[in-house]
Amino acid sequence: MGNLKLKGKDILKLGYPNNQSVNIALEVMKRNFATKNIHYVKSLLKEIQQNPENFEKDLTFGQIAEALLSSKKTEKRMLNTNRASFQIFGNNISEEAKNQLYIALKLPIATQGALMPDAHSGYGLPIGGVLAVENAVIPYGVGMDIGCRMSLSILDTPISYLDGAKDKYEKALAEHTKFGMYETHKSHIDHEIFDRDTFDLIPILRRLKGKAIKQMGSSGGGNHFVEFGEVEITEEDEQIGLPKGKYLGILSHSGSRGLGAEIAQYYSRVATEQCPLPKEAQNFAWLDLNTHLGLEYWTAMNLAGDYASACHDDIHRRLVKAVGGRVKARIENHHNFAWKEIHNGKEVIVHRKGATPANENELGMIPGSMTAKGFIVRGKGNPDSLNSASHGAGREFSRGECRNRFTQNDIKKELKLKNVALLGGNAEEAPMAYKDINEVMNAQNDLVDILGTFQPRIVRMDK
C-alpha cells in the first residue's frame, strides 16, 4: 500500500480556498489514491478546483466539489412548534413510542407520519414508525439493520411431510442455516451483487465487501429466524397464483448483516455532525439528498437492501436443495428502508422503520411469533398510513423484561402446546414477549386484506 505524500500546502498552491475543502481533498485523495503518482493526483485536484460543478454527483470527488461550491457553516437546526399530520393505528402502543413519533413530526423536513399497531420504542424513529420527509434521508429513521425483510417460499411438497419427515427438516435447518456474528457457510456461490461497481466507488463499501461475501446466506441474531411451517391460502390472488389449500412453506426474517450495520453506524455519525439538532431530536439527524453524503448514503442503503434480498435467496436455495420440492410462489417485502414515493401529489422520502410497504395490491408477509400464525397480506394503499402496515406483532415486553419474566421452562411449555420445535432461541424472543397478532391485524383492516396464513412448525434462531 503506497503512502501519498500530499500536504495541505500543495492543495492551497493549486488555488483551493483556505477552508474545509483542503482537509476534505486531503482525506479523499489519500483514501482513494494512496498508490498513485502525486503529479496525477494534483492534476485531478486542479481539474476539480476549476470545474467543481462537473463533479458534484461523482461518488469519489463529490465531497470535494461540494466543499468548493459551498462555504455554509453548520448551523443548528430548530424543531417546528407544530407537528406534521399523522395517524396512529391500534391502541396498545406505549407513550414512549408515541413521543418518539411526535418529535420526528416536528422536524422542519417532516411532511406526514404514522404509527403502526405493532409499534414500540426504538432509537430515533420508533419501531413501527413511518415518516415522510422532503428531499432528505434520516439514517436512524431507516434503522441499523438496513433492508431487513420477510421472505416466504411456498413449496409443492405435501404438508404431511412436516410430521412424517420432521427429522429431515430439523437437520436441514441445523446444517444449512447460519446465525449471529460468528457462524458462516463454508462455501459461497458467486452472486452478481458482488460484481457491482458500487462496492468500489464508496470507500466504506470497499472495506466491507469481504465481510459481506463471508456473511452471504446467513441470518442475524435477536428476532431473526428461518422456519418451516404450514401455509394456508384462504383467498386466491393472481400474483400468488395458487388455489386455496395448505402448502409447506419456508419463512425467513433477516437483514443486511454487518454490511448494513456498519453503513448505518457510519452515516448516522456523519449525519449528526452535519445536522446538529436539539438533544431530544439528535437521532433524527438527516442527510440532504442534494449533497454528496446524502447521495452516498442513499446508494449504500440501496446496495444493502439488495444484499439482504440476496441473502434470503441463498437461504431458501440451500434449504430447498436439502429437503427437495419446488418453489411454487415467493412473497418478499422489506422494512427498515427509505423509498421515494408520491404522496399528496408531491415526491417525498418515506422511512418505514419496522413497517411493511402496503401499496395498493402489494403483497407482504406479517409474522406473529415463533408459535403464533403470521399473515399473507395484500396492501390497500391507505394514504393515512402512507401506504404502510405493521411488520409483525410487535413487542409487549422489552428484551430485558423478558429475561426477568420468562424461563426456558415457560418457553418449552408454550412450544409444546402449539406443536412447534425450536432450534436455538432464548428468553428475549419468547412467544409471550409479543403482542397478540390477531389484535394487531384487527387494528389494520383498513391497511391490508388477508390472503392466507403461515403457522410455524420448526423454527431456527440464534442460540
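Modeller: Begin with contact, which means heavy atoms within 4.5 Å. In this predicted model, leaving aside neighbours within four places in sequence, R460 is in contact with residues including L173, A174, T177, E183, H224 and F225.

Biologist: In which strand is R460 placed?

Modeller: R460 lies in strand β17, residues 448-461.

Biologist: Does R460 count as buried or exposed?

Modeller: Buried means under 20% relative accessible area. R460 counts as buried because its relative accessibility is 5%.

Biologist: With which side chains does the side chain of R460 make a polar contact?

Modeller: A polar contact is a pair of N or O atoms within 3.5 Å. The side chain of R460 makes one with the side chain of T177 at 3.2 Å, and another with the side chain of E183 at 3.1 Å.

Biologist: Which residues does the UniProt annotation "binding site" cover?

Modeller: According to the unreviewed UniProt entry, the annotation covers H253 and H335. Although they are spread over 83 residues of sequence, they cluster in space, with a largest C-alpha distance of 10.7 Å.

Biologist: Where are H253 and H335 found?

Modeller: H253 is in strand β7, residues 245-254, whereas H335 is in the loop between β9 and β10. H253 is buried, with a relative accessible area of 6%, and H335 also counts as buried, at 3%.

Biologist: What does H253 touch?

Modeller: Beyond residues up to four places away in sequence, H253 touches several residues, among them C148, R149, H312 and H335. Its side chain also reaches the backbone oxygen of N223 at 3.1 Å.

How values were computed: Residues numbered from 1 in each chain as written. Predicted model: local features only at pLDDT ≥ 70, side-chain atom pairs only at ≥ 80, totals over all residues. Heavy atoms only, no water. UniProt positions renumbered as here; feature names shortened; annotations may be inferred. Helix = DSSP H or I, 4+ residues; strand = E, 2+ residues; numbered from the N terminus. Buried < 20%, exposed > 50% of the residue type's maximum accessible area, 1.4 Å probe, protein only. Polar contact = N/O pair within 3.5 Å; in protein donor to acceptor, adjacent residues only side chain to side chain.
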